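Dear colleague,

I am handing over the structure below, and my notes on what was found in it follow directly after. Please read them with the coordinates open beside you.

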Amino acid sequence: MEDVDAQVAVTDSGNAAAAAGATAVTGYRGPAPADAVPGARVRVSGTGDAHATEGGLANSGYIHQVSAERLTMVQQRAPREPASWPHQVGVIPSRAQSFQHRAEAERLRVAVEGGGTAVLGQVLTGMGGVGKTQLAADYACTAWDNGGLDVLVWVTASIRSSVVTGYAQAGVELCQADPNNPEQAAQTFLAWLTPKTGAKPCRWLIALDDVADPDDLHGLWPPASPYGRTLVTTRRRDAALTGEGRRRIEIGLFTEAEAVAYLVASLAAHGRREPAAQLTTLVSDLGYLPLALAQAAAYIVDAGIPIDCPGCTREQCPSYRSRLADRAATLADTAPDRLPDEQALPLAAAWSLSIDRADILRPAGLARPMLQLAAMLDANGIPSSVLTSPPALTHLAAHRTFTGQDPTEEPDPVSPLDAVRALRALHRLSLIDHTPTTPDHAVRVHQLIQRATRDTLIPTQHDQIARTSADALIAAWPDIERDTDLAQILRANVDALQSHAEAALWHTPEILLRSARSLLEAGQHSAAIASWNRLHSGVLEHRGPDDLYTLLSRGHLIGAQGESDPQGAVDAYEKLLADGERVFGPDHRFTLTTRSRLAGYQGEAGDEAGAAALYEELLNHVERVFGPDDPLTVATSLQLFRWLTKDPISDRDAGRRVLERALQVLGPDHPDILAHRSNIAWKQGEAGDAIGAAATLEEVLSDQERALGSHHPKTFHTRFSIAHWRRSAGDVTGAAGIHERLLADQERFLGLGHPKTLASRLDLARWRCLAGDVTGALGMYERLLADQERFLGPDHPDTLGTRGILARWQSWTTDAAEATATYKQLLELMGQVLGPEHPYTLATSDNFATWQSRCGGEAGTIGMYEQLLAEQESVLGLDHPLTLATRSNLTFRRGEAGQDGPAAG
């Protein structure tokens with residue numbers, strides 16, 4: 001080995017040669033040679049041959065240690081020429097196998113190139129898995145292939161050091177920067193990008209993929225240039241990303257058509273052809289998320305399973321949809337063993353880094369427990385009032401991470417502002433969409449992020465968070481549902497919660513009761529009955545027949561059904577009352593409330609005197625048990641006034657006294673107070689002041705619309721009453737207009753099948769007939785009957801009543817024999833369904849007797865009238881209009897038959 005005037009020349013297993021003034025190193029073992037420079041130490045491993053020419057350094061191994069008091073090692077590189085254009089630095093991700101051309105790609109092209117002037121930068125932001133990188137890569141490749149770029153730099157920018165390294169590599173290749181100083185090389189490159197007067201313009205594109213933290217780009221943003229473009233992909237939405245002229249483009253989910261097309265192409269590449277309906281259903285299950293679709297397609301192909309198996313039970317079904325819907329499985333269980341398209345993470349882990357990063361943003365440790373709450377609720381919209389409610393704040397405080405607090409101490413409280421800031425942290429990482437300007441549905445979260453979040457919870461955590469979510473919904477639910485849209489959103493959140501954690505809710509089913517009651521308050525009669533049915537079946541199964549919640553749901557179900565069948569409600573409430581007294585005793589609030597509902601429906605069924613008697617007895621009872629100022633006592637006094645049948649004027653005065661007392665307990669906007677004011681106005685009309693009654697009801701309506709909303713069922717009832725008294729006052733045209741507008745609103749907001757809608761149609765048809773439009777009225781009756789049979793059933797009392805009305809009017813256009821046969825058939829049906837003493841049955845008996853007499857059966861008719869009159873006097877009372885009509889008919893028939901004397905009674 002030549003070692004002439006060399007600074008250092010050491011050999012181990014390789015060969016080294018150094019010319020004069022050069023250094024060659026291949027290795028070092030053992031003590032320094034005797035002729036080595038004093039104090040020098042060199043340690044090298046992994047050596048091979050090395051050769052250094054004059055002024056150079058050659059090393060074939062890894063230098064572990066170099067130190068010497070008088071040793072200087074200088075590395076000199078031969079000058080490199082800058083890379084020629086066009087030039088690419090970094091590797092662009094390969095295109096996905098079934099890449100979809102999306103509307104966002106066109107938006108990106110227009111945003112960058114629109115107007116012929118390049119903008120400073122575009123920031124593609126969106127949740128993990130929406131395809132931001134693929135869109136950016138597609139744009140970069142297209143621009144490169146079209147010859148529109150001189151320099152393209154692609155940098156994976158998940159951490160700052162990666163950005164510096166990418167820039168430094170570009171600096172070395174394009175600017176002859178020093179590779180031994182990456183920071184300086186990066187800055188050299190950024191400076192090189194700045195346009196220079198007189199220099200040849202360079203058309204460049206810098207792509208910064210997957211920026212995780214805006215702070216990582218501090219001092220590293222490419223400069224403004226009319227020839228340059230910056231393209232960023234990130235899950236972040238921080239304002240810092242879109243400053244300095246940069247424009248943000250939100251990348252959303254696939255459309256349904258794009259998602260289906262993607263699956264078709266992905267599966268077809270492996271020879272799979274699937275039914276279009278199954279593909280449409282699957283893309284909906286996966287929430288149109290590109291990453292989820294890619295991994296689902298790979299799983300389906302790898303596992304060799306169908307998308308769906310119609311007709312299979314869930315336990316037997318091997319399909320992908322069945323596995324996806326299996327609550328016992330996690331999202332990770334539906335991921336393929338090998339990810340497609342060079343994907344780095346399975347779907348279940350795609351958002352974990354984002355959650356970790358959101359959790360360290362201020363207020364630290366609240367983002368994760370907040371996302372856990374949101375994962376239990378409706379993906380399409382969660383009110384901010386739910387996630388900032390006291391139960392939600394307690395949950396956030398108890399499950400805060402990174403607290404640095406002694407676990408034995410009470411957790412620091414969390415304020416509503418802290419909760420909002422936690423939502424903003426999740427929003428900044430694109431884990432949720434938080435829109436504070438729409439508080440009723442302020443938070444949206446993708447259903448698969450919800451699923452992935454729930455998958456991380458152990459069963460006890462899952463159930464605890466579900467119950468906390470239920471408590472948060474109850475806390476946010478207004479006592480009076482003025483805002484029908486908010487009520488609908490809250491009910492949707494209950495439905496979502498029940499679908500995610502139904503078993504946990506049977507332990508505390510208050511939220512299920514509140515949601516079902518909300519349906520009834522919103523006028524959704526059929527949906528309320530169905531909801532109460534499901535709820536009652538559930539609590540009966542899980543809590544037993546004598547549990548309070550079982551009996552409560554049973555009572556609410558009876559009440560919902562009673563709107564269209566008051567007598568059926570009376571019978572059912574009598575049985576429920578017996579069970580309440582047996583289980584809880586006669587003084588329990590449930591028992592007394594049931595007695596109140598029983599009395600109310602007894603009045604609705606026609607027994608006003610019986611209802612008043614029951615309420616009078618009940619009022620004494622509840623006042624003794626709960627005191628005069630208890631809400632149940634006050635409500636009972638209001639109901640008693642409603643059913644009292646004293647002189648209307650004295651009743652009205654009594655009603656005002658009851659109102660004064662009730663106002664102190666319930667307040668002016670309570671629904672019972674407003675209903676009581678309506679009852680007072682009705683008494684005013686019965687006293688002969690129809691104009692005053694209508695005016696008073698107008699005032700009540702104004703307050704109801706403010707307190708309850710313009711589409712509340714009670715508001716509709718007041719409008720009905722206004723039309724009634726306007727008509728009674730002689731304003732037939734005005735009343736008809738009110739009634740027609742009311743009916744249109746009822747059909748729109750309550751539905752065609754709601755009992756109140758059907759009742760309004762019946763009333764409008766009756767008044768049209770009395771106004772002389774018999775033909776129009778008959779058409780309305782016929783359409784009404786068809787809808788009653790469809791919604792209520794052919795044997796429902798209201799359906800039979802309408803059939804009786806139609807029979808009466810149609811009988812005048814037929815011969816007596818046909819009319820008699822029609823009434824006989826209807827009378828037999830009413831007797832079977834309603835019973836012989838039902839008012840409809842008694843009215844039909846009267847009509848049957850009338851038409852039978854016209855067929856020549858006067859003698860038998862008299863006997864029928866006598867029997868009918870006795871039943872009417874017993875059931876309806878001596879002064880009922882139908883009783884008076886029958887007595888008149890009986891007197892007339894007796895006179896025709898030569899029988900002297902008035903009718904009995």
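I begin with Phe189, which has a relative accessible area of 0% and is buried, where buried means under 20% relative accessible area, exposed over 50% and partly exposed in between, with a 1.4 Å probe and protein chains only. This is a predicted model, in which local features need pLDDT of at least 70 and side-chain atom pairs count only at pLDDT 80 or more, while totals for chains, interfaces and linings use all residues. Residues are numbered from 1 along each chain as its sequence is written, and side-chain values use heavy atoms, with hydrogens and water left out.

Phe189 and Trp192 are three residues apart in helix α4 (residues 182-193), and are therefore separated by about one helical turn; helices are DSSP runs of H or I with at least four residues, strands are runs of E with at least two, and both are numbered from the N terminus. Trp192, at 26% relative accessibility, counts as partly exposed. Rings of Phe, Tyr and Trp (its six-membered ring) pair if their centres lie within 6.5 Å, and planes under 30 degrees apart count as stacked, over 60 as edge-to-face and the rest as tilted. By this rule there are seven aromatic pairs. In one of them, the ring centres of Phe189 and Trp192 are 6.2 Å apart with the planes at 20 degrees, so the pair is stacked. Both residues belong to an aromatic cluster formed by Trp85, Tyr167, Phe189 and Trp192.

The rings of Phe254 and Tyr262 have centres 5.9 Å apart and planes at 40 degrees, so this pair is tilted; Phe254 is buried at 8% relative accessibility, and Tyr262 is buried at 7%.

The charged end of Arg246 sits 3.5 Å from the ring centre of Trp221, and Arg589 lies over the face of Phe626 at 4.1 Å from the ring centre.

As for the fold, an open sheet of six strands runs in the order β8-β10-β11-β12-β9-β13 with parallel pairing, where two strands pair if DSSP finds at least two bridges between them. β8 (87-89) and β13 (246-250) stand at the edges with a single partner strand each, so one side of each is left without a neighbour in the sheet. β8 pairs with β10 (residues 151-156) over three bridges, and Val89 stands opposite Val153 in β10.

Best regards

Terms used. A charge sits over a ring if NZ of Lys or CZ of Arg is within 6 Å of the ring centre and within 35 degrees of the ring normal.
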